[in-house]
Structure formats: structure tokens, C-alpha cells
Amino acid sequence: MSIEVTGLNKKFGDFVALDDVNVTIPTGQLTALLGPSGGGKSTLLRIIAGLEKSDTGTVTIEGVDATDLPAQKRNVGFVFQHYAVFKHMTVAKNVAFGLEIRKRPKDEIEHRVQELLKLVHLSQFSHRLPSQLSGGQRQRMALARALAVEPSVLLLDEPFGALDAKVRKELRDWLRRLHDDVHVTTVFVTHDQEEALEVADEIVVINEGRVEQVGTPDQLYDEPANDFVMSFLGEVTHFGGVSLRPHDIELETSPKLAGSVEGTVHRLVRIGFEVRLTVLTVDGDEVAVVVTRAHARALQLREGSTVWLTPAAGATVVPRMAAAV
Amino acid sequence: MADTLVHAVPDPAPVEEHRRAPRVRRTPTTYVLRFVATAYLFLLVAWPVSLVVVNTFDDGFGSIGSLLADPDMVVALQLSAYVAVWSVVINTLFGVGISLLLVRYEFPGKRLLNALLDIPLSVSPIVVGLALVLVYGGRNGWFGPTLAGWGFQVIFSTPGIIMATTFVALPLMIREIVPVLEEVGIEQEQAAESLGASAAQRFWRITLPSIKWGIVYGVVLTLARSLGEFGAVKVVSGNVLGQTRTATLAVEEKYLNFDPQGAYATAFLLAMVSVACIVVVAIIRPKNHA
């Protein structure tokens, strides 16, 4: 196992950032730390990198106890949300930095830098200053710089958070394929569940300083451990004492299915191909339901229509927590 | 793996945004404000300073020539330069150190230190001179007799002049570097750290180049201030002709001794050095460091 974190606690003043966190991150995989802002995921990543010190607990990287190692000796690559480019150095010099620190021979450095710039598609920009690059290009340069030292783990802190939606999506796909080529153990922090589901092999959901669940994207989506994980990974509605996805509710205009509950359409909003309904049931629930445009038209749904709701067969269902609304 | 990025790579990098001339609406107020500012600067700065230049060259280069022919005057100019250079060196070293301390570390008494650093700007230089005499005065000073016992004279000697000058110019370097350090932030250093750079490597390769221009401005301001220091130096120097008389003290002396020509010429030389510094920096500084 590449990274092992045990019994990690971290407080900033009174604020508990991490509360007894235990995580194992497998070698060679792309793992996402997913959770809401302020949940502690960045703190965890920075403690793994050695940029922050934990109050208690241990960090082991590739079998070596790194708890008391300074960041410079951990051999991790770190990529920052705001790139942290060396503004006074050219793109090539930025990428060469770690190798120069390690006093590698000049021609080897030059060769490696060219290779990496090609990998991140920045070969023709090698003599530019970072200020002459776009955000996406800067982040690719930062990635090449981190990869140059052949780190045992690559850590990315919201790497695409500062980019606009289109570039963000492009870089996300590209990171996935880069990882398939390079196979370095990679951990990235994100608060975007779509990003995590799409890119990661494994996802660690972190909330309020605790690990809520660890699993593959399918496991998390299909078998969420609790209401929080379920609601964080997609839309959730509450119906008959359970939480489930709005598209996992069958809707009919007559009570055809056993156990269906009667209700009235309170609100109807059409967004592109889907129609979102708010249904008030006779049991007093306010249920969100999503149906396709065609389905809604076939049933001639409008506000005030009477409908019958049933949880779909095979729907992901989690008992509703008292605390969650 | 290149397909999605193929179109992304050649995209024109957003090179420094073109600075469009701001469209200013010219109203009567614009002209009134402009006139007031110009008149203010002219009456307070430009006119008096230009008169110094005019008076210096009343009889061509004669007054400057006779000034440089006076060996005591040459010593005074050399002493001023010597003191200014030491003040710049000391203030640069301590300035960088204290700025790093103020920006990067939290410690008890930080606010107090911050306030203390402004004292040299807010207190009259005469007070600075007197305070130094109280501590280091050779006969009655708090610490002076001990130093004198070791054969080291501070007051009425060059070390005292350097100390007084350094004291007075102390905040200039720090006030230049601190905002630059704050703006640069700590992420570049953390990136360097994770790439294996030691504390010394991070300082020389990352921190120092990032605050380079702050230091350059700090040096210019410190140099100009140190060359021009008068009050504090007057108290601690003793004004011994050919030994502890600096150029600014010479200006006053010449003026009081009914040699205004010599006073103007010396003042002109002092002013020229400061102006030259500012001009040189304006020329060499990169355009994007506006």
C-alpha cells in the first residue's frame, strides 16, 4: 500500500480539521479525496505532503514512516490549486527545478525537461515565462514540474479549481489518460462529485474531518454508506422514510403498482430533456421526481395533476437520518 | 492521448493584456485639479530645487571645481558616501531578515515590533542623535565608557555616524519589502520545498528573486535618505573638519559662513546622486513591474 494514514488528528485553534482519520491509498491508482469545502480534505493532503504537521497520528509513504520527515525529503510531487509557478523562471527552468536541486547532469536534465514538456504539450512554450501562459497551460507546467522528480506519490490540491468549466473538463480527461500512461500513485482533492466519479479509481469521501466512506465510484453511487454520501454524490429526495434519487421514483397517473402513494403535482419545471416535479403526497412528504420530457407529455402532466409514486425496482435507497432534512 | 488537447495547445497565450488608454472625461474639474496639483508641486519642489541648480551654475562649473579642489570637502563627500553605503548594506541585511520575520512568522510581540519599526520615521532625527549619545557617549553614556575602555569610540566618530544614519533609514527597506513578500505568498516556496529544496536553496532561488525589485527600491530610498541625513548626524558626529564632517554638515557650515555658492554646489551634488538613482531604476526596471 502506497500511503497509509493512521489516527490522524489536526486542530486549527478550536476548529477540528481532522478527527481520527485512517486511510489507506493503494499503489498506482488515481484516488480522489472528495468532500465539501472546509471538510478537511486539503489538510489531509497537505499533511501527507509534509506541508502541514498533524497533531497526532502517523503517515507512511511506500513503507517509510514519513511522519517526521520534512516535505523536501518525502519525494512527493505536489500540485497547487493556484499553480504556484516560479514566476521569475521560464517554463523549462520551472520543470528543471527539482532536477537541478538534485544535481543531475546538465544533459540529462535537458533531455528529461524536453520529454516532460512534450508529455504536457508545452514543448513550444519552453522559453516563455509563466505569465505568458493561460491557466490551463500553467497547471500542466506545474504537473510536469512535479513529475520531473519521479515522485513516489503525486498529490494534487483542487488542481482544476481555478480553471473555467471547459478547460477544467478537458484537463480532467487528460489527467485520467496521463495517469493511465504514467501510473504514478495519484491523490487529488476535489469538491466536485462529477469530477471524482469520472476520473478516480477510488474515492475517499471526507466530511467534517472524518472519512465517511471509501470505495470505487460505483460502490459509492450504488451503495452509499449513509445519507451524507448519498446526498453528496447526487440529488436526493425523501419518500416514505427513505432517501433515494429523484429519477429512481416511478410515476403513474393511476395506482397500477402495489404500494404506490398518491400525491398531487405541486410544481413542474422543464429543463431540456428532463422534467422536474415537486409532488406533495397524501402522507405529507414533499417529493422531488424527475421524468423524461416524453414521459411527462405521454401522461399529460401539469401542475395539480394527481399521480401515484413508487420507488423503482433496484433503486438505491438509504434510511433517512433524523438529522438530515 | 493528445486528441482533446490538440486544439488546446496552439491557443494564443494571453500575453500581457493590451493597455488601452483609459477614456477619461475631461471636465472643468479635471483642469482645475490638474492646475492645483501642478502649481503645488512647482511652488514646493520644482522651483526651489531648480534655483539650487541655477545658483550652482551661476559662474559655470567654477563653484563645483573649487569645491572638489578643497581636500576637506573631498573627505566630507567621501565620508557621506562611505556612511551611506554602510547604512544601505546594514539596512538591506536586517531589512530582508525582519521583513521575513514579520510576514512569515507569528510570534508574541509582533505588533509591538511592527510599531517600533515606524519610530525612526516619526521621531525627529535630532532625538535619534541625542538618544544614541545617551547610550554610547564616550564619557557619560550608558554603554559608551565600556566601549571606550576597549578602545572603541562610537560618538564623535564614524561608527556613530553610521549608526545614526542606519537608524533613521531603517524602516524604508522594510516598508518596501513587506508588501512584496505578502503579495508573493508562500506557495512558491512550498512548491520548491516539495521538490526537494532546502531552506537556503528556497531563499536564494525563490524568495530572493521574487522580492528583488522591492529590495532595489529599498536600496534607492535608503541610499537617498542616508546621503541626505543631517539632524541625527549633526548630534553624533562632532563635526571635526576633515574627519567627521559629512557633506550635509558641510552644506550648513558653508551657508552659515557666508559661502552660499559652496553650499549650493554641495547641495547640488547630493541631490544629483539621489536623482541619478531614481532615474537608473526607472530605466532598468522591467515594464511588467509597473
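Modeller: The discussion below takes up the two chains in turn, and the model is a predicted one.

Colleague: Let us begin with the domains. Into which domains is chain A divided?

Modeller: Chain A is divided into domain 1, covering 3–228, and domain 2, covering 236–319. Taken over C-alpha atoms, the centres of domain 1 of chain A and domain 2 of chain A are separated by 41 Å.

Colleague: Which residues point which way from β8(A)?

Modeller: T185(A), V187(A) and V189(A) point one way from β8(A), while T186(A), F188(A) and T190(A) point the other way. The residues of both groups are all buried.

Colleague: In which sense does strand β3 of chain A pair with β8(A), and over how many bridges?

Modeller: Strand β3 of chain A, residues 30–34, pairs with β8(A) in the parallel sense over five bridges. Within that pairing, L33(A) has V189(A) as its bridge partner in β8(A).

Colleague: And how many bridges join strand β7 of chain A to β8(A)?

Modeller: Five bridges join strand β7 of chain A, residues 153–157, to β8(A), and the two run parallel. For L155(A), the bridge partner in β8(A) is V187(A). The chain passes from β7(A) to β8(A) through helix α5 of chain A, residues 165–182, in a right-handed β-α-β crossover.

Colleague: What about the open sheet in chain A: in what order do its four strands come?

Modeller: The order is β2-β1-β4-β5 in chain A, and the pairing is antiparallel. The edge strands are β2 (15–25) and β5 (64–65) of chain A, each of which pairs on one side only.

Colleague: How many bridges join strand β1 of chain A to β2(A)?

Modeller: Seven bridges join strand β1 of chain A, residues 3–12, to β2(A), and the two run antiparallel.

Colleague: Where is the place of P105(A)?

Modeller: P105(A) lies in the loop between α2 (91–101) and α3 (106–119) of chain A.

Colleague: Is P105(A) buried or exposed, and why?

Modeller: P105(A) is exposed, because there are 9 other C-beta atoms within 10 Å, and a residue counts as exposed with 12 or fewer. The C-alpha atoms of P105(A) and A144(A) are separated by 19 Å, the two residues being 39 residues apart along the chain.

Colleague: Now to the other chain. How many helices and strands are there in chain B?

Modeller: Chain B has 15 helices and zero strands. The radius of gyration of chain B is 25 Å, well over the 19 Å that the globule rule gives for 290 residues, so chain B is more spread out than a compact globule. Along its principal axes, the C-alpha trace of chain B spans about 85 × 55 × 35 Å.

Colleague: What percentage of the residues of chain B count as buried?

Modeller: Of the 290 residues of chain B, 32% count as buried. Among the contacts in chain B with a separation of 6 or more, 71% are between residues 24 or more positions apart.

Colleague: What does the domain assignment of chain B give?

Modeller: The assignment for chain B gives domain 1 (21–56) and domain 2 (60–284). Over C-alpha atoms, 30 Å separate the centres of these two domains of chain B. Five residues of domain 1 of chain B are in contact with seven residues of domain 2 of chain B. The domain 1 side of that contact has three nonpolar, two polar and no charged residues.

Colleague: Which residues of helix α14 of chain B are buried?

Modeller: In helix α14 of chain B, residues 247–256, the buried residues are A247(B), T248(B), L249(B), A250(B), V251(B) and K254(B). What covers them includes α4 (71–104), α12 (212–228), α13 (231–237) and α15 (260–284) of chain B. After α14(B) comes F258(B), whose phi is positive, near 55 degrees.

Colleague: Finally, how many residues does the contact take from each chain?

Modeller: The contact takes 30 residues from chain A and 26 residues from chain B. On the side of chain B that touches chain A, the largest share, seven residues, comes from α10(B). By class, this side of chain B has 14 nonpolar, nine polar and three charged residues.

Note on methods:
Residues numbered from 1 in each chain as written. Chains lettered and ligands numbered in written order. Predicted model: local features only at pLDDT ≥ 70, side-chain atom pairs only at ≥ 80, totals over all residues. Buried ≥ 20, exposed ≤ 12 C-beta atoms within 10 Å, placed from the backbone. Pairing = 2+ DSSP bridges. Right-handed = clockwise from strand over helix to strand, strands pointing away. Contact = placed C-beta atoms within 7 Å. Nonpolar A, V, L, I, M, F, W, Y, C, P; charged D, E, K, R; others polar. Domains from an automatic or database assignment. Rg over C-alpha atoms; globule rule 2.2 N^0.38 Å.
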